[in-house]
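Student: I would like to learn how to read a structure feature by feature. Can we work through one together?

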Amino acid sequence: MDIVNGVPQISTLDVDKMWKEKKNESCCLEYALFAKLERKYLKYIINNAEDIAKEVLNKKHFYDCKYHNNERIYYIVDAVNKFNVANLKELLEEDCSIITFLQKAYAIRKRNLKRSSG
């Protein structure tokens with residue numbers, strides 16, 4: 001994730017890199033799922049991150065500080081860029097609110113980190 005003037009910037013999806021790194025998973029499927037998530041949740045989250053940071057104060061997986069919540073929101077969105085097909089499908093299983101989406105994405109991110117480290 002790039003940082004410009006102290007604000008995390010969401011990078012674009014690198015389809016060429018995805019194509020080279022994936023073995024049995026379809027790059028097109030991953031791109032289609034990500035595009036669906038982007039339309040449904042991510043664009044709204046990115047455009048309204050500061051307002052959402054206020055809404056999630058003291059909620060599950062978030063802090064009591066708007067600044068730290070804003071950072072966490074950007075890290076969650078960045079993590080979604082790196083999710084595999086199974087994770088993207090899990091996020092799209094059911095319609096949910098923006099806050100619930102962020103909580104689910106954060107839980108998946110933590111689960112993936114545990115699996116990769118241990």
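Student: Where does His-61 lie?
Tutor: This is a predicted model, so keep that in mind throughout. His-61 sits in the loop between H3 and H4. Its phi is near 75°, a positive value in a residue other than glycine.

Student: Which other residue has a positive phi although it is not a glycine?
Tutor: Asn-58, with a phi of about 65°. Asn-58 is placed in the loop between helix H3 (49-55) and H4.

Student: Are Asn-58 and His-61 buried, partly exposed or exposed?
Tutor: Apply the cut-offs: under 20% is buried, over 50% is exposed, and partly exposed is in between. Asn-58 has a relative accessible area of 61%, so it is exposed. His-61 comes out at 22%, so it counts as partly exposed.

Student: How do I check the length of a helix, say H6?
Tutor: H6 has 20 residues, which should span 28 Å at 1.5 Å a residue. Its end C-alpha atoms are 29 Å apart, so the two agree. H4 has 16 residues and reaches 23 Å from its first C-alpha to its last. The expected value for H4 is 22 Å, which is close.

Student: Which residues of H6 are buried?
Tutor: Start with the general idea. An α-helix has 3.6 residues a turn, so residues three or four places apart point the same way. In H6 the buried residues are Ile-98, Ile-99, Phe-101, Leu-102, Gln-103, Ala-105, Tyr-106 and Ile-108.

Student: And which are buried in H4?
Tutor: The list includes Ile-73, Tyr-74, Ile-76 and Val-77. Asn-69, Asn-70, Arg-72 and Asp-78 are also among the buried residues of H4.

Student: How many aromatic pairs does the structure hold?
Tutor: One. Tyr-41 and Phe-101 form it, with 4.3 Å centre to centre and 10° between the planes. That pair is stacked. Tyr-41 belongs to helix H2 (residues 27-47) and Phe-101 to helix H6, 60 residues apart, so the pair links distant parts of the chain. Both Tyr-41 and Phe-101 are buried.

Student: Which residues line the second largest pocket?
Tutor: Rolling a probe the size of a water molecule over the atoms shows where empty space is left. Here the lining is Tyr-75, Asp-78, Ala-79, Lys-82, Phe-83, Arg-109, Asn-112, Leu-113 and Ser-116. Helix H4 (66-81) and helix H6 (98-117) are the elements that give two or more residues to it. H6 gives the most, with four residues.

Student: What volume and residue classes go with the second largest pocket?
Tutor: The space is about 160 Å³. The lining has four nonpolar, two polar and three charged residues.

Student: How many disulfides does a search of the whole structure find?
Tutor: The idea first: a disulfide is a covalent bond between the sulfur atoms of two cysteines. The search finds zero.

Student: How accessible are Cys-65 and Cys-96?
Tutor: Cys-65 has a relative accessible area of 27%, so it is partly exposed. Cys-96 is at 16%, so it counts as buried.

Terms used:
Residues are numbered from 1 along each chain as its sequence is written. This is a predicted model: local features need pLDDT of at least 70, side-chain atom pairs count only at pLDDT 80 or more; totals for chains, interfaces and linings use all residues. Side-chain values use heavy atoms; hydrogens and water are left out. A disulfide is a pair of cysteine sulfur atoms within 2.5 Å. Buried means under 20% relative accessible area, exposed over 50%, partly exposed in between (1.4 Å probe, protein chains only). On a 1 Å grid over the protein atoms alone, a cavity is a set of points where a 1.4 Å probe fits but cannot get out, and a pocket is an open set with protein on both sides within 12 Å along at least five of seven lines; lining residues have an atom within 4 Å of a point. Grid points are joined across faces, edges and corners, and a volume is the space filled by probe spheres set on the points. Ala, Val, Leu, Ile, Met, Phe, Trp, Tyr, Cys and Pro count as nonpolar, Asp, Glu, Lys and Arg as charged, and the others, Gly among them, as polar. Rings of Phe, Tyr and Trp (its six-membered ring) pair if their centres lie within 6.5 Å; planes under 30 degrees apart count as stacked, over 60 as edge-to-face and the rest as tilted. The expected span of a helix is 1.5 Å times one less than its number of residues.
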